[in-house]
Amino acid sequence: MRWLIRLAKAAGILLIALLVLILAAVAVSNTRWFREKIRTTAESQAARFLNGTLSLGAIEGNLITGSVLKNVRMFQDGKEVVAVDEVRLSYKSWELVRSDLLFRDLTLTRPRIRLIHDGTRWRIGQLLRLPQRREPGGRALRMPGMTVRQ
(Lines give C-alpha, C1' and ligand atoms only; values in the text may rest on other atoms or scores of the structure.)
Protein backbone atom coordinates (compact mmCIF):
# COMPACT_ATOMS: atom_id res chain seq x y z
CA MET A 1 0.00 0.00 0.00
CA ARG A 2 2.90 2.38 0.76
CA TRP A 3 4.31 1.92 -2.72
CA LEU A 4 0.96 3.02 -4.18
CA ILE A 5 1.01 6.23 -2.14
CA ARG A 6 4.62 6.91 -3.21
CA LEU A 7 3.71 6.26 -6.83
CA ALA A 8 0.75 8.66 -6.61
CA LYS A 9 2.96 11.35 -5.03
CA ALA A 10 5.63 10.90 -7.71
CA ALA A 11 3.02 11.08 -10.46
CA GLY A 12 1.55 14.24 -8.89
CA ILE A 13 4.98 15.89 -8.64
CA LEU A 14 5.75 14.91 -12.24
CA LEU A 15 2.42 16.34 -13.44
CA ILE A 16 3.00 19.62 -11.58
CA ALA A 17 6.54 19.89 -12.97
CA LEU A 18 5.24 19.30 -16.50
CA LEU A 19 2.55 21.96 -16.02
CA VAL A 20 5.14 24.46 -14.75
CA LEU A 21 7.36 23.75 -17.78
CA ILE A 22 4.46 24.30 -20.18
CA LEU A 23 3.49 27.56 -18.49
CA ALA A 24 7.12 28.71 -18.57
CA ALA A 25 7.38 27.90 -22.29
CA VAL A 26 4.21 29.88 -23.03
CA ALA A 27 5.48 32.81 -20.95
CA VAL A 28 8.90 32.81 -22.64
CA SER A 29 7.36 32.57 -26.13
CA ASN A 30 5.57 35.86 -25.48
CA THR A 31 8.72 37.81 -24.70
CA ARG A 32 10.36 40.27 -27.08
CA TRP A 33 13.66 38.36 -26.78
CA PHE A 34 12.10 35.07 -27.93
CA ARG A 35 10.26 36.67 -30.85
CA GLU A 36 13.47 38.36 -31.97
CA LYS A 37 15.26 35.01 -31.78
CA ILE A 38 12.53 33.38 -33.90
CA ARG A 39 12.67 36.28 -36.40
CA THR A 40 16.44 36.06 -36.92
CA THR A 41 16.31 32.25 -37.11
CA ALA A 42 13.55 32.40 -39.75
CA GLU A 43 15.57 34.89 -41.80
CA SER A 44 18.67 32.72 -41.72
CA GLN A 45 16.76 29.48 -42.44
CA ALA A 46 15.03 31.12 -45.43
CA ALA A 47 18.46 31.38 -47.09
CA ARG A 48 18.26 27.60 -47.68
CA PHE A 49 15.22 28.08 -49.93
CA LEU A 50 15.82 31.49 -51.51
CA ASN A 51 18.20 32.84 -54.12
CA GLY A 52 18.04 36.07 -52.22
CA THR A 53 17.38 37.27 -48.69
CA LEU A 54 14.33 37.52 -46.45
CA SER A 55 13.73 40.39 -44.06
CA LEU A 56 11.05 40.27 -41.36
CA GLY A 57 10.20 43.49 -39.53
CA ALA A 58 8.50 41.85 -36.55
CA ILE A 59 6.67 38.72 -35.42
CA GLU A 60 3.45 39.01 -33.42
CA GLY A 61 0.74 36.61 -32.29
CA ASN A 62 0.70 33.78 -29.79
CA LEU A 63 3.05 31.52 -31.85
CA ILE A 64 1.08 28.42 -30.80
CA THR A 65 -1.91 28.73 -33.14
CA GLY A 66 -0.88 31.58 -35.39
CA SER A 67 1.54 34.37 -36.13
CA VAL A 68 1.55 37.76 -37.77
CA LEU A 69 4.66 38.71 -39.74
CA LYS A 70 5.05 42.45 -40.24
CA ASN A 71 6.96 44.21 -42.99
CA VAL A 72 8.03 41.09 -44.93
CA ARG A 73 10.56 41.78 -47.69
CA MET A 74 12.48 39.58 -50.13
CA PHE A 75 15.55 40.83 -51.94
CA GLN A 76 17.25 39.42 -55.01
CA ASP A 77 20.59 40.81 -56.16
CA GLY A 78 20.15 43.64 -53.66
CA LYS A 79 16.79 44.75 -55.11
CA GLU A 80 13.48 44.39 -53.33
CA VAL A 81 11.34 42.00 -55.38
CA VAL A 82 8.59 41.06 -52.89
CA ALA A 83 7.07 43.24 -50.19
CA VAL A 84 4.10 42.40 -47.97
CA ASP A 85 2.95 44.71 -45.19
CA GLU A 86 1.49 41.86 -43.14
CA VAL A 87 1.33 38.06 -43.38
CA ARG A 88 -1.15 36.30 -41.09
CA LEU A 89 -0.64 32.56 -40.59
CA SER A 90 -3.03 30.21 -38.84
CA TYR A 91 -1.65 26.82 -37.76
CA LYS A 92 -1.41 24.33 -34.94
CA SER A 93 2.17 24.20 -33.67
CA TRP A 94 2.09 20.49 -32.83
CA GLU A 95 1.08 19.71 -36.43
CA LEU A 96 4.02 21.74 -37.77
CA VAL A 97 6.41 19.67 -35.68
CA ARG A 98 5.15 16.20 -36.52
CA SER A 99 3.66 16.33 -40.03
CA ASP A 100 3.54 18.42 -43.20
CA LEU A 101 3.78 22.19 -42.93
CA LEU A 102 0.06 22.95 -42.84
CA PHE A 103 -0.96 26.60 -42.67
CA ARG A 104 -4.75 26.55 -42.34
CA ASP A 105 -5.21 30.16 -43.39
CA LEU A 106 -2.80 32.60 -44.98
CA THR A 107 -3.67 36.27 -45.39
CA LEU A 108 -1.42 38.69 -47.28
CA THR A 109 -2.03 42.41 -46.73
CA ARG A 110 -0.86 44.76 -49.50
CA PRO A 111 1.49 42.38 -51.31
CA ARG A 112 3.71 43.87 -54.02
CA ILE A 113 5.90 42.04 -56.53
CA ARG A 114 8.57 43.75 -58.61
CA LEU A 115 9.20 41.92 -61.87
CA ILE A 116 12.68 42.32 -63.34
CA HIS A 117 13.55 41.05 -66.82
CA ASP A 118 17.29 40.72 -67.43
CA GLY A 119 17.00 40.43 -71.21
CA THR A 120 16.61 36.65 -71.29
CA ARG A 121 14.32 35.73 -68.38
CA TRP A 122 12.26 37.01 -65.49
CA ARG A 123 14.39 37.07 -62.33
CA ILE A 124 11.44 36.23 -60.04
CA GLY A 125 11.44 32.70 -61.51
CA GLN A 126 14.76 32.01 -59.81
CA LEU A 127 13.84 33.47 -56.40
CA LEU A 128 12.83 30.14 -54.84
CA ARG A 129 15.40 27.37 -54.55
CA LEU A 130 13.19 24.29 -54.71
CA PRO A 131 14.38 20.67 -54.76
CA GLN A 132 13.86 18.77 -58.00
CA ARG A 133 11.61 16.33 -56.19
CA ARG A 134 10.49 15.65 -52.67
CA GLU A 135 12.78 13.39 -50.69
CA PRO A 136 11.28 10.26 -49.10
CA GLY A 137 10.06 11.20 -45.65
CA GLY A 138 10.18 14.89 -46.60
CA ARG A 139 7.48 17.31 -45.56
CA ALA A 140 5.11 19.12 -47.90
CA LEU A 141 3.91 22.70 -47.58
CA ARG A 142 0.10 22.92 -47.62
CA MET A 143 -2.05 26.05 -47.55
CA PRO A 144 -5.73 25.26 -48.14
CA GLY A 145 -6.88 28.87 -47.74
CA MET A 146 -5.23 32.10 -48.88
CA THR A 147 -6.63 35.64 -48.86
CA VAL A 148 -5.13 38.80 -50.35
CA ARG A 149 -6.16 42.16 -48.89
CA GLN A 150 -5.43 45.65 -50.09
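This is a predicted model: local features need pLDDT of at least 70, side-chain atom pairs count only at pLDDT 80 or more; totals for chains, interfaces and linings use all residues.
1. Does Asn71 count as buried, partly exposed or exposed? At 37% relative accessibility, Asn71 counts as partly exposed. Asn71 lies in strand β2. Its phi is positive, about 55 degrees, although Asn71 is not a glycine. Most residues other than glycine have a negative phi.

2. Arg110 belongs under the heading of backbone angles as well. Its phi is near 50 degrees, again a positive value in a residue other than glycine. Arg110 is found in strand β5. Its relative accessible area is 38%, so Arg110 is partly exposed.

3. Now the sheet. Five strands make up an open sheet with mixed pairing, in the order β1-β2-β3-β5-β7. The edges are β1 (53-60) and β7 (146-149). Each has a single partner strand, so one side of each is left without a neighbour in the sheet. From one strand to the next, the twist averages 25 degrees.

4. Next, the individual pairings. Strands of a sheet pair through backbone hydrogen bonds, either parallel or antiparallel. β2 (residues 66-76) and β3 (residues 79-90) are antiparallel, with 10 bridges. Gln76 stands opposite Lys79 in β3. β3 also pairs with β5 (residues 105-113) in the antiparallel sense, over eight bridges. There, Val84 has Pro111 of β5 as its bridge partner. β5 and β7 run parallel and are joined by four bridges. Leu108 has Val148 of β7 as its bridge partner.

5. The largest nonpolar core holds 19 residues. Those touching the most other members are Leu54, Leu56, Leu69, Val72, Val84, Val87 and Leu89. β1, β2, β3 and β5 each supply at least two residues of this core. β3 gives the most, with five residues.

6. Which residues form the nonpolar patch on the surface? They are Met1, Trp3, Leu4, Ile5 and Leu7, with about 610 Å² of accessible area together. Ile5 is found in helix α1 (residues 2-29). Its relative accessible area is 47%, so Ile5 is partly exposed.

7. How many salt bridges does the structure hold? There are nine. Glu86 is buried at 12% relative accessible area. Lys70 is partly exposed at 26%.

8. Arg73 and Glu80 form another salt bridge, with the closest N and O atoms 3.2 Å apart. Arg73 counts as buried, at 15% relative accessibility. Glu80 counts as partly exposed, at 33%.

9. Salt bridges with shared partners join Glu36, Arg39 and Glu43 into one network. Within it, the closest N and O atoms of Arg39 and Glu36 are 2.5 Å apart. Both residues lie in helix α2 (residues 32-46). They are three residues apart, about one turn of the helix. Arg39 counts as buried, with 14% relative accessibility. Glu36 is partly exposed, with a relative accessible area of 37%.

How values were computed. Residues are numbered from 1 along each chain as its sequence is written. Side-chain values use heavy atoms; hydrogens and water are left out. Two strands pair if DSSP finds at least two bridges between them. Axes are lines fitted to C-alpha atoms, for helices over the stretch in contact, and angles run from 0 to 180 degrees between N-to-C directions. Patches are made of residues with over 30% relative accessible area and no salt bridge: like charges are joined within 9 Å, nonpolar side chains (Val, Leu, Ile, Met, Phe, Trp, Tyr) within 5 Å. Accessible areas come from the Shrake-Rupley method with a 1.4 Å probe; for residues, only the protein chains shown count as cover. A salt bridge is a side-chain nitrogen of Lys or Arg within 4 Å of a carboxyl oxygen of Asp or Glu. Buried means under 20% relative accessible area, exposed over 50%, partly exposed in between (1.4 Å probe, protein chains only). A nonpolar core is a set of buried Ala, Val, Leu, Ile, Met, Phe, Trp, Tyr and Cys residues joined through side-chain atoms within 4.5 Å.
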